[in-house]
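Trainee: I have a model open and would like to talk through the words used to describe it. Could we take them one at a time?

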Amino acid sequence: MALNTTNGGPAGPSRRGFLSGAAAVAGLAVTGPAWAREPAGRASGRVEALLAQMTIEEKAGQLSCFADMIRPPIGDMNPLVNIRNAQTLTAEIKAGRIGVLMNGVGAQAALDTQKAAVEGSRLKIPLLFAADVIHGFRTVYPIPLAEAASFDPHLAERTARAAAVEASASGLHWTFAPMVDVARDERWGRVAEGSGEDVFLGEILAAARVRGFQGKDLKADDSMLATPKHFAAYGAVTAGLEYNSVELSEATLREVHLPPFQAAFAAGAQTVMTAFNDINGVPSTANKRLITDMLRGEWGFKGVVISDYTADQELVAHGVAADDRDAARLAILAGVDISMQSGLYIRYLPELVASGAVPVEIVDAAVRRVLSLKEAIGLFDNPYRSLDPNAERTHTATPALRALSREAGARSIVLLKNDQNLLPLPKAGKRLALIGPFADDRDNVLGAWGGFFADRRLNVDLASGLRAQMADPNGLVVERGCEVETTIAGGFERAVAAAQSADIVLLAIGESQDMTGEAKSRTDIRIPPVQMRLAEAVAAAGKPLVILLRHGRAIQLEGVVRDAPAILATWFLGSEMGNAVADVVFGAVNPSGRLPVSFPLDSGQEPFFYNGRTTGRPAPADPNAQEYKSRWRSIRNEALYPFGFGLGYASFALSDAKLSTQSLGWNDTLRVTVKVKNTGQVHGDHVVQLYIRDRVASRTRPVRELKGFQRVSLAPGAEREVRFDLARQNLMFVGDNNYWIAEPGMFEVYVANSSVDGLPLSFELLAPPT
């Protein structure tokens with residue numbers, strides 16, 4: 001490396017060029033949506049006319065979002081906060097003091113509520129109906145982390161589209177998804193909601209989910225506005241502790257945590273949600289530099305920024321606001337357009353403007369963005385779009401939606417181990433014992449954010465799924481043995497007896513649904529002790545053991561569970577979980593999932609991720625030469641199962657990896673080719689992965705970085721050539737002054753099956769022409 005050459009400007013989407021890598025995999029549109037290219041401050045005549053008529057109270061109302069207690073879902077996530085009853089809410093809507101309602105369900109009630117806004121209020125401005133539709137609505141799909149294991153952006157787009165169709169039929173316009181936080185600490189509960197530890201995979205899936213939620217036409221009845229969240233760096237909370245502070249460099253912020261947002265915006269996202277956390281001492285909801293200077297200034301984002309649930313009010317607890325009034329002032333001045341649930345804007349913005357503490361122009365700009373968003377989805381022309389009770393009846397829990405849930409579930413499963421080809425199991429001729437707290441459990445199949453709107457009657461448990469495919473359903477004996485964290489009287493004894501009577505044991509263990517998701521951080525990511533004791537007792541029966549892991553994060557595996565001959569990572573797969581797992585267990589589906597997170601050897605390694613930076617004392621391969629190297633006293637800093645790893649019932653071989661050139665010109669493209677062959681006996685899918693390493697740079701670089709992947713489906717004995725393209729934009733990183741740069745020099749390339757193997761190649765990036 002002899003030259004440090006700047007490639008333009010700050011690390012915004014127009015500078016980084018991330019789309020050239022993503023486009024090769026997922027076909028992302030390189031140009032942004034039309035709204036993102038409009039001049040700042042421009043709005044339609046209709047919007048400007050409305051704005052000119054509004055009182056400051058009506059403006060504050062458009063910037064206020066409240067829980068929809070007119071049509072509440074089953075239960076209430078925050079019963080102590082949601083204190084507004086339906087009558088009060090309706091009166092506030094007619095007074096023009098509410099612009100958005102969230103997490104309500106039911107088309108008929110939404111229709112009635114919208115009439116209160118457009119027929120009962122002075123200016124007749126329609127409401128936006130929003131909700132946390134994360135991975136399904138009535139029909140639930142795999143948690144996003146599980147779906148990321150499919151390494152299939154088309155699947156992610158399809159499930160998001162299906163969720164939008166079902167949710168919009170229930171009277172919703174806007175979803176607070178996808179979560180695009182890059183999460184590198186498995187102790188954090190919200191790992192379950194994202195796409196894992198890798199930036200590139202996160203970019204691809206963020207864009208796919210935005211396309212799926214929004215569809216081709218924002219004004220269509222089945223389109224839902226997508227909201228990438230949480231802006232920003234929520235996945236970097238210290239020690240994986242929920243809502244904790246974040247300390248990280250500007251380069252890490254821009255290289256790791258911001259690119260998935262940029263990909264979501266390039267795919268057409270028009271809204272974004274701020275994060276609960278601070279960044280280097282400045283809470284995201286009060287971070288003018290982040291929201292106004294970077295998001296709107298550098299990136300040119302023209303859409304709407306909404307706070308997370310009461311996050312503006314929490315500025316007081318953060319210690320940056322003196323009181324609620326001050327918190328409202330900080331949030332609006334930072335660039336937060338909509339206040340969620342706290343009520344601070346409707347309470348304080350009129351007085352803040354009257355006192356001069358907040359310029360009215362700031363409020364007007366926020367209202368202009370909100371009204372333009374409503375116009376963009378057609379609400380002014382058709383305020384009753386997506387509010388059809390007949391559509392709700394015909395678009396909910398259809399056979400097609402359930403079939404997609406089953407397909408997505410099976411494609412998300414990762415086969416971690418399969419000694420002696422124990423799997424797939426025969427459907428006849430073997431007596432099976434299904435043991436563990438999740439054996440016949442229907443309450444822990446959906447995962448975090450799956451049960452809020454879900455029709456739990458659709459939930460398929462493991463026992464039902466397995467029996468449905470067995471020639472003799474009586475050939476399956478079921479015993480829970482214990483609960484997730486507690487014993488059952490006589491449970492161990494019955495479980496051991498069931499194991500002794502069986503030919504093969506399937507052990508369904510792991511985390512409950514309540515152990516992952518928001519506010520579910522864990523200091524220890526092992527399987528709960530009571531389940532480990534059950535596993536040891538059952539393993540002592542001496543029967544072949546198949547582990548069916550239930551989890552919303554990477555898990556530390558140990559003892560008889562780690563040593564079992566077959567292990568499947570089955571996550572939380574949604575409504576059709578039991579059928580999806582049975583499809584893989586019995587071989588109707590050949591597993592093809594790959595890990596989007598690294599499974600550590602020990603919880604104490606967290607945060608752990610494959611693409612850490614090099615150190616001055618890397619641990620060598622020789623276990624006898626480890627002294628004074630980057631390692632722990634007891635273990636090497638390696639994964640038990642690394643990012644990108646996964647097995648199948650077929651085997652694949654990579655060969656004949658080639659580069660189109662050994663010298664990549666500054667403005668040229670290099671092609672990487674490799675042959676992939678199915679060397680097994682059954683048809684299967686393989687995920688070919690492309691990694692690079694910058695050999696010498698002005699800043700320490702990751703040991704590897706994913707830059708491409710392709711799914712290949714091959715019959716036994718079939719072979720295919722796979723191609724990847726690399727350009728200078730794929731080699732860039734954030735250098736001095738927060739500019740994206742590429743440096744001429746040598747790069748290593750690995751065409752691989754996972755993040756720790758591969759066929760090595762190398763090339764040189766040449767200096768720019770003079």
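Mentor: Gladly! Let's begin with A433, which lies in strand 12 (residues 432-435); strands are DSSP runs of E with at least two residues, helices are runs of H or I with at least four, and both are numbered from the N terminus. This is a predicted model, where local features need pLDDT of at least 70 and side-chain atom pairs count only at pLDDT 80 or more, while totals for chains, interfaces and linings use all residues. Residues are numbered from 1 along each chain as its sequence is written, and side-chain values use heavy atoms, leaving out hydrogens and water.

Trainee: Why is A433 called buried?

Mentor: Buried means under 20% relative accessible area (exposed is over 50%, partly exposed in between, with a 1.4 Å probe and protein chains only). A433 has 0%, so it is buried.

Trainee: What does A433 touch?

Mentor: Beyond four places in sequence, its contacts (heavy atoms within 4.5 Å) include L476, V477, A498 and I504.

Trainee: What makes helix 8 roughly antiparallel to helix 18?

Mentor: The axes of helix 8 (residues 153-168) and helix 18 (residues 399-412) come within 11 Å and cross at roughly 150°. Angles over 145 degrees count as roughly antiparallel (under 35 roughly parallel, 65 to 115 roughly perpendicular, the rest oblique), so helix 8 is roughly antiparallel to helix 18.

Trainee: How confident is the predictor in the chain?

Mentor: The average pLDDT, a confidence from 0 to 100, is 93 for the chain. Over residues 12-40, though, pLDDT is below 50. Where pLDDT is low, the predicted coordinates should not be read in detail.

Conventions:
Axes are lines fitted to C-alpha atoms, for helices over the stretch in contact, and angles run from 0 to 180 degrees between N-to-C directions.
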